Amino acid sequence: MKDIRIIEIRTDVGGGNPGAREGPEAIETAARQVGSRIFQIYKAEVITYEGDRSYESNGTPHAKHITDLYGVFEQVFSTIKKRIEEECMPIVFSGDHSSGGAIISGIKAALKDEEIGVIWIDAHADLHSPYTTPSGNIHGMPLAIALAEDNLEKQINIPKDKTVELWDKLKSIGNVMPKILHKNLVYIGVRDMEEQESYLIKKNNIRSFPVEEIRQKGIKAVVNEVLEVLSDCSRIFVSFDVDSLDPTISHGTGTPVPDGITIDEASELLRRLCMDEKLCCLEFTEVNPSMDKDHDMAGIALQLVEVCMNELTKQ
Ligand SMILES: [Mn+2]
C-alpha cells in the first residue's frame, strides 16, 4: 500500500485574488463536518507563509510577489523532494496553483534520472512566463517553470532585473532544467488560454483533451490515451485545479470558466488515474472560500479527494 502523506500549502501569494490560502483548511473543516477521517489517519504537514502580502504588485508587475513566492516555492520544493525520496505519496492541498511548479521541481530533484509525466486538469494552461503574462499572476506560470519556457517569441513584457533573476532561480531550482519535457505534459479540461500559450501548445504538440473530447470518448478511453501519451514516463504527477469543474459547481475559485467538467466526470477521471501505478503525487488546488458564496467548494473538493483515497488504499 502507498505511504500517503497529506501536505497543505496555506498560501495564495501566487494567485490573483486573496483567499485561496484558506482553501486547504476549508477542506479539512469540510472533512470534520461530514465525519471523514482522512485528516485523522494522515496528519497533515502544513507549509505556511507569514509574509505581509499587499496584493499590489510590490514592484515586480510581471511576476507579482515573486520574492515572497520564492520563499514558499523553496519550502514546497524541499518538502516534496524529501517525501518522494522516502517513497511516500504526497497528496497536496494548495492555495494557488503556482505550487504545481514547486511540486514538479521537487519530484524531479528526487528522481533525477527519470522522466516525469504531468497530467494538468485545469481550465487554464498555466504556461505564461513574466515575458508573456498579461496579469503578472504567478499561478498562471507553474508549467513554464517546469518546462523552463520563457516563450520569448511571444514576448509582450520587459520584466525588471529582479524579476528575471528570481524567475531564472525558479526554473533552475534543484539544478535540473527543465524538470519535464513538453511531450510528457498532458492537459485535461483546458478551455481558456491566451494566444501566447496556444502558440506553445501548438509548437510543441502538447496533447490537450478538451471537455468535448472527454464527453465524446468517455473517461476510460481518455485515461487510456493519456497514459499512452505518457508511456515514456516512470512517474506521473496529477494536478487538479477545481476550476476545471463547471462554474455551476465550482463557485469558490478565483478564475472560473464556463463549460467545465461535472463532478461525476472528475470523480471517474481521478479514480482511474489513481489506479495507475506510476502515480507518485496528487494535488488539489485553487479552492477559495472567500469567493464561495454557497460554501460548497471545499466539500466538493473533499468528495473528489475521498474518491482518490478510496482507490489508493484499496489493496
Ligand atoms: Mn491552474
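Which residue in β6 is the bridge partner of Tyr187? The partner is Ser208. That pair is a way into the sheet, but some ground rules come first. This is a predicted model, in which local features need pLDDT of at least 70, side-chain atom pairs count only at pLDDT 80 or more, and totals for chains, interfaces and linings use all residues. Residues are numbered from 1 along each chain as its sequence is written.

The chain's secondary structure comes to 11 helices and eight strands. Both are DSSP runs numbered from the N terminus (helices are H or I, at least four residues; strands are E, at least two). Along its principal axes, the C-alpha trace spans about 50 × 40 × 40 Å.

Eight strands form an open sheet with parallel pairing, in the order β2-β1-β3-β8-β7-β4-β5-β6. Two strands pair if DSSP finds at least two bridges between them. β2 (45-48) and β6 (207-209) stand at the edges. Each has a single partner strand, so one side of each is left without a neighbour in the sheet. For β6, three bridges join it to β5 (residues 185-188), and the two run parallel. The twist averages 15° from one strand to the next.

Helix α4 lies across β1 (3-10), β3 (88-94), β4 (116-121), β7 (235-241) and β8 (279-285). It runs at about 165° to β8. Axes here are lines fitted to C-alpha atoms, for helices over the stretch in contact, and angles run from 0 to 180 degrees between N-to-C directions.

Next, the helix pairs. Two packed helices are described by the angle between their axes and the distance between the axes. Helix α3 (residues 66-85) packs on α4 (residues 99-110) at about 40°, with the axes 7 Å apart. That makes α3 oblique to α4. Angles under 35 degrees count as roughly parallel, over 145 as roughly antiparallel, 65 to 115 as roughly perpendicular, and the rest as oblique. By class, this contact of α3 with α4 has 10 nonpolar, five polar and two charged residues. Ala, Val, Leu, Ile, Met, Phe, Trp, Tyr, Cys and Pro count as nonpolar, Asp, Glu, Lys and Arg as charged, and the others, Gly among them, as polar.

α3 also packs on helix α6 (residues 161-172), at about 15° with axes 10 Å apart. The two are therefore roughly parallel to each other. Ile66, Thr67, Tyr70 and Phe73 of α3 meet Thr163, Leu166, Trp167, Lys169 and Leu170 of α6. Contact means that C-beta atoms, placed from the backbone, lie within 7 Å.

The axes of α1 (residues 23-34) and α11 (residues 297-312) come within 8 Å and cross at roughly 75°. That makes α1 roughly perpendicular to α11. Their contact has eight nonpolar, three polar and no charged residues.

Finally, two backbone details. Most residues other than glycine have a negative phi, and most peptide bonds are trans. The peptide bond from Met177 to Pro178 is cis, with omega near -5°. Pro178 is found in the loop between α6 and β5. Asn151 has a positive phi, near 55°. Asn151 is found in the loop between α5 (142-147) and α6.

Notes: Contact = placed C-beta atoms within 7 Å.
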